[in-house]
Amino acid sequence: MDQIAHAIGYRSATTLKNHCAPEKPPSPALPAVRSATILTSMAAKTLHARVLDLVGEVSALLELDELRDGLLAALREAVPCDYVSLNQVGPDPDRNWSIVEPQMPSDALELFYRLAHQNPLAERHMRTRDGRPYRLSDVVTPAQFHETDLYRELYAPIGVEHQISFALPSAGEQILAIALSRREADFTDEERTLLALARPHLIQIYRNALLHTDLISRSSRRSAASPDQKTLESLGLTPAQANVLRLIAAGRSTSDVAGDLRISERTVEKHLQRIYQRLGVGDRSAAIHRAWEASLPSTGT
């Protein structure tokens, strides 16, 4: 009997064990090399998704001025930073200009125009014509950067210690570069890779905007009307300011106006800032609206 009970008990325990056991043995742990490969692949997919998001944000912006503003905003979202800027830099300070987000005081921009050639990244872009993304920490030590007048007079007062920059297409000695600046942490290798992957697409998008804007400009020169010069001067604008606003209101881009008037884009931007102040408006669209409103004939009462 004891033997039977023992046999029954043994069988019951075995049956319970077999019933609870999984139908298949558990999979062995992934080898370390395979795990690392999978994680790297996932990270790569995430990085490429971020690149696609960045490119997708600006791919539909065909008008040059709109693209410039939209590109800076998209870059600041893709690679968080304290400042992002589009800069034309060259050996002639009078031809330097910059669009910065968030906006900087005019005296700070004047400092940049005068001292931009001291920026180690700008100097490298101009010397090598290599437009790929580089960080300050890739080309100089902090001590070397701190020795420049550009750092002492411009970057130190606003706390900028780190920067990464890449170039867009440009002609002649000038370079057209986008710079992202930070006060605290340096830019990571992954962020540099993201910008390197996005750069060819951004170059093509920028070229498309140049061609589109030029086509629209040529068409507007043939057919578009513009507000009356004297009417604009009656709003308190100088002849030069009125001429700039007249062309802008006719659909010309900043670069078109600069070419038509044989002045730099930086000078056009200066005129626009003063126009906004004179008219009491905050941006280009409001200034254009004010110009056309003033040019409409009064209906009387």
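Q: At roughly what angle do the axes of helix α11 (residues 239-249) and α13 cross?
A: The axes (lines fitted to C-alpha atoms over the stretch in contact) get angles from 0 to 180 degrees between N-to-C directions. Those of α11 and α13 come within 9 Å. They cross at roughly 95 degrees.

Q: What kind of model is this?
A: Residues are numbered from 1 along each chain as its sequence is written, and side-chain values use heavy atoms, without hydrogens or water. Local features need pLDDT of at least 70 and side-chain atom pairs 80 or more, while totals for chains, interfaces and linings use all residues, since the model is predicted.

Q: How are α11 and α13 oriented to each other?
A: The class follows from the angle: under 35 degrees is roughly parallel, over 145 roughly antiparallel, 65 to 115 roughly perpendicular, the rest oblique. The axes cross at roughly 95 degrees. So α11 and α13 are roughly perpendicular.

Q: How many nonpolar residues does the contact of α11 with α13 have?
A: The contact (heavy atoms within 4.5 Å) includes V244, L245 and I248 of α11 and L272, I275 and L279 of α13. Two of its residues are polar and two charged. The nonpolar ones number eight.

Q: Which residues of helix α13 (residues 265-279) meet α12?
A: Helix α12 (residues 254-261) and α13 have axes that come within 8 Å and cross at roughly 110 degrees. That makes α12 roughly perpendicular to α13. From α12, T254, S255, V257 and A258 take part; they meet E265, V268 and E269.

Q: How many salt bridges are there?
A: Side chains of opposite charge can pair when their charged atoms come close. The rule asks for a Lys or Arg side-chain nitrogen within 4 Å of an Asp or Glu carboxyl oxygen. The count by this rule is 21.

Q: How many residues apart are R284 and D65?
A: Their side chains meet in a salt bridge, 3.3 Å from N to O. R284 sits in helix α14 (residues 284-295), and D65 in helix α3 (residues 64-78). This pair links distant parts of the chain; the separation is 219 residues.

Q: Is D65 buried or exposed?
A: Buried means under 20% relative accessible area, exposed over 50%, partly exposed in between (1.4 Å probe, protein chains only). D65 has 11% relative accessibility and so counts as buried.

Q: Which helix holds E153?
A: R114 and E153 form a salt bridge, with their closest N and O atoms 3.2 Å apart. R114 lies in α4 (residues 106-115), so the pair ties together parts 39 residues apart in sequence. R114 is partly exposed at 44%, and E153 is partly exposed at 37%. The helix of E153 (residues 149-158) is α8.

Q: What is the N to O distance between E191 and R182?
A: Both residues are buried. Their side chains meet in a salt bridge, and the distance is 2.7 Å.

Q: Which residue in β4 is the bridge partner of R135?
A: Six of the seven residues of β4 (residues 162-168) are buried. Strand β3 (residues 134-135) pairs with β4 in the antiparallel sense over two bridges. The partner of R135 is I164.

Key. Helix = DSSP H or I, 4+ residues; strand = E, 2+ residues; numbered from the N terminus. Pairing = 2+ DSSP bridges. Nonpolar A, V, L, I, M, F, W, Y, C, P; charged D, E, K, R; others polar.
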